[in-house]
Amino acid sequence: MRKIVLYASVAFSSGLFFSLLFNSIVNAANWESHIPQSITATKNFFVVANPGTFFKMIDPANLILVVLALILFWKVSPSVRLYLGIAILCYVSSMILTFTYFYPRNEIMFLSEQLPDTATLKKAAYEWGKMGWIRCLISLVGLVYVFLAMDTVTSTNRNSSLIENKQIR
């Protein structure tokens, strides 16, 4: 059960990172081109669901899994605690950045009844695009630390098994 939680946190952390990367490479690049037409097209396309729909499910699920992994592996080693703690800090930082930085720009670009002037849209799209890379980096650091925790746990288990096998013989 414990390993399943840790592996699930690796899977969710990986999915989150690559989704953010996709958002920065594809979506933000399209939003920044041909403003205001690109923003209007995006608003018209994302009528039923949008990237926020996905992230509202994945972000909290990822954080819960990493916190649960920290609790379950607390006694394994100080390095596992440190790695998962750093990952949690990264994911909480990313969520804070999302709420305080990205949501206001999403509001300007996609949720306002009437489109703001072109200069405001260009500024919001540019800022969103540049900061998207920072959020990707934060997520990547979190992912690396979740992988380090998994590596430490699996190495510890492997070493324990080797020691037990040698003692039995």
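Predicted model: local features only at pLDDT ≥ 70, side-chain atom pairs only at ≥ 80, totals over all residues.
1. The axes of α1 and α4 approach each other within 13 Å, crossing at roughly 30 degrees. Because angles under 35 degrees count as roughly parallel, α1 is therefore roughly parallel to α4.

2. α1 passes α4 in a left-handed crossing. On the α1 side the contact is made by Leu6, Ser13, Leu16 and Trp31, and on the α4 side by Leu84, Tyr91, Met109 and Phe110. By class, the residues of this contact of α1 with α4 are seven nonpolar, one polar and no charged.

3. Helix α4 (residues 78–111) also packs against helix α3 (residues 51–72): their axes come within 9 Å and cross at roughly 160 degrees. Since angles over 145 degrees count as roughly antiparallel, α3 is roughly antiparallel to α4 because of that crossing angle. The crossing of α3 and α4 is left-handed.

4. From α3, the residues that meet α4 are Lys56, Asp59, Pro60, Asn62, Leu63, Val66, Val67, Ala69 and Leu70. Their counterparts in α4 are Arg81, Leu84, Gly85, Ala87, Ile88, Tyr91, Val92, Met95 and Tyr103. The contact of α3 with α4 comprises 13 nonpolar, two polar and three charged residues. Leu84 and Tyr91 of α4 are named in this contact and in the contact with α1.

5. The loop between α1 and α2 deserves a separate remark. Most residues other than glycine have a negative phi, and most peptide bonds are trans. His34, which lies in this loop, has a positive phi of about 55 degrees although it is not a glycine.

6. The largest pocket has a volume of about 540 Å³. Its lining consists of 25 residues, of which Asn50, Pro51, Gly52, Tyr103 and Asn106 are the closest to the centre of the pocket. Tyr103 is also one of the α4 residues that meet α3.

7. Which helices supply at least two residues each to the lining of the largest pocket? They are α1 (2–32), α2 (37–45), α3, α4 and α5 (118–168). The largest share, 10 residues, comes from α4. Classified by residue type, the lining of the largest pocket has 13 nonpolar, seven polar and five charged residues.

Note on methods:
Residues numbered from 1 in each chain as written. Heavy atoms only, no water. Axes fitted to C-alpha atoms, helices over the stretch in contact; angles between N-to-C directions. Helix = DSSP H or I, 4+ residues; strand = E, 2+ residues; numbered from the N terminus. Parallel < 35°, antiparallel > 145°, perpendicular 65-115°, else oblique. Left-handed = near helix turned anticlockwise from the far one by under 90°. Contact = heavy atoms within 4.5 Å. Nonpolar A, V, L, I, M, F, W, Y, C, P; charged D, E, K, R; others polar. 1 Å grid on protein atoms, 1.4 Å probe; cavity = no way out; pocket = protein on both sides within 12 Å on 5 of 7 lines; lining within 4 Å. Points joined across faces, edges and corners; volume = space filled by probe spheres on them.
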